[in-house]
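Please keep the sequence and the model in view while reading.

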Amino acid sequence: MKLEKYSLGIGDRFGQQGIAQLEALIKAKKDGVEFVPVWNKSNREHQIIHSEPKDTKVEADAAVKALQWDKPYYVDADHINLNTVDPFLDHSNFFTLDVADYIGSESADGDLEEFLKQASPYEGELQIPGISKPFEITHQMLVTIARNFLGAVREAASIYQHIAEKKGAGNFVAEISMDEVEAAQTPVELFFILMMIKYYGIPAQTIAPKFTGRFNKGVDYVGDIARFRKEFEEDLLVIDFAVKTFDLPDNLKLSVHSGSDKFTIYPIMGELVKKHNKGLHVKTAGTTWLEEVIGLAMAGEEALQMAKEIYRRAYERRDELCAPYATVIDIDPANLPIPSEVEQWTGKKFANTLRNIPGHPDYHSGFRQLIHVGYKVAAEMGESYLAMVRKHADVVGDQVRTNIYERHIQRLF
Ligand SMILES: [Zn+2]
């Protein structure tokens with residue numbers, strides 16, 4: 001199973017928007033931009049929503065059938081590890097092996113020495129084709145990289161083998177992710193991580209490093225854009241060189257766990273992958289759920305009341321709801337609109353406050369991030385929430401399509 005050049009990870013917390021999401025990709029395809037869909041959902045999301053991996057597969061199959069999508073599609077067991085992967089095995093064909101927690105862990109006996117032996121020819125000046133200045137590689141640097149990443153890549157190999165035993169190698173796509181950490185990995189580190197991936201025999205097709213800057217959920221990139229550009233381009237060239245040098249899968253590509261809405265860097269990513277003729281996987285977060293709330297607000301009346309109720313409850317429980325997402329959100333509580341004020345808003349005002357249109361006078365990133373992590377509130381509303389979303393499927397679906405197509409895909413390409 002070989003992942004196509006461009007793939008888009010689409011999250012859908014409540015599993016209602018598969019068709020609207022796929023319609024956005026069909027629209028892009030008509031414009032000549034071909035992304036294959038990857039429906040991604042993590043174990044954490046399933047637990048909060050009380051959904052199961054099977055539900056994501058059912059949703060994807062239904063959307064593909066309804067729209068007669070004749071290209072490949074994937075269901076991603078997102079951010080799994082050995083403890084959480086099993087329930088996904090029968091329903092996923094894409095696995096994001098999350099080994100961030102293993103960075104800095106002890107490596108196996110003998111592996112460190114063997115890695116250093118294999119890496120030592122790169123000591124001195126490492127020239128990557130396309131990168132003007134060679135990297136200076138010292139022995140000490142290799143030791144540090146090995147101590148940081150060997151244990152993590154070994155863990156990825158264990159997860160990979162576990163999946164391969166059950167599904168058969170070749171029947172799924174493996175991604176290795178190290179993005180949920182504080183420190184970004186440098187292009188040099190990426191090069192040696194890829195060497196380790198070869199050493200441990202993982203046929204990874206995508207890799208998700210942590211990039212420089214902040215990738216908060218549902219809002220734009222925060223960081224040094226020039227630095228991101230340089231790092232992203234060097235990562236592309238490093239991958240290209242590593243694929244040839246280590247004989248890794250030739251479609252190996254970067255995966256950007258964008259958290260959605262990285263509007264300022266999407267055009268940079270698109271420009272650079274085209275320039276170097278490389279593939280790209282862009283994973284978006286479950287922000288489709290925000291489009292559902294926007295749609296409810298726009299539908300007015302009881303639906304608008306429900307949107308306001310969701311905000312009020314999320315506001316009251318903000319500490320609890322934000323805690324699991326502390327590293328990927330930035331909300332100033334003092335700056336949040338108070339629910340009694342929101343109660344007075346029109347549906348349009350509510351929608352404009354929540355919808356991410358950069359520079360729009362009503363847009364409020366704190367409001368958006370709080371509702372983003374507040375999906376637990378809607379999950380607790382259960383069937384009444386789902387029924388409301390279904391009742392207003394037209395206006396909601398419109399929001400979902402426009403968001404993916406105009407604000408994401410059109411900014412990328
Ligand atoms: Zn991630």
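Helices (H or I, at least four residues) and strands (E, at least two) are DSSP runs, numbered from the N terminus. By that assignment the protein chain has 17 helices and 10 strands. The model is predicted, with local features needing pLDDT of at least 70 and side-chain atom pairs counting only at pLDDT 80 or more, while totals for chains, interfaces and linings use all residues. Residues are numbered from 1 along each chain as its sequence is written.

**Overall shape and burial**
- The radius of gyration of the protein chain (over C-alpha atoms) is 22 Å, close to the 22 Å from the globule rule (2.2 Å times the number of residues to the power 0.38) for 413 residues, so the chain is as compact as a globular protein of that length.
- The C-alpha trace spans about 70 × 45 × 40 Å along its principal axes.
- Of the 413 residues, 48% are buried, meaning that 20 or more other C-beta atoms, placed from the backbone, lie within 10 Å of the residue's own.

**Packing of α1 and α3**
- Helix α1 (residues 18-30) packs with helix α3 (residues 53-66) at an angle of about 55°, their axes, which are lines fitted to C-alpha atoms over the stretch in contact, being 9 Å apart.
- The contact (C-beta atoms, placed from the backbone, within 7 Å) is made by G18, I19 and L22 of α1 together with E59, A60, A62, A63, V64 and A66 of α3.

Key
Axes are lines fitted to C-alpha atoms, for helices over the stretch in contact, and angles run from 0 to 180 degrees between N-to-C directions. Two residues are in contact if their C-beta atoms, placed from the backbone, lie within 7 Å. A residue is buried if 20 or more other C-beta atoms lie within 10 Å of its own, exposed if 12 or fewer, and partly exposed in between; C-beta atoms are placed from the backbone.
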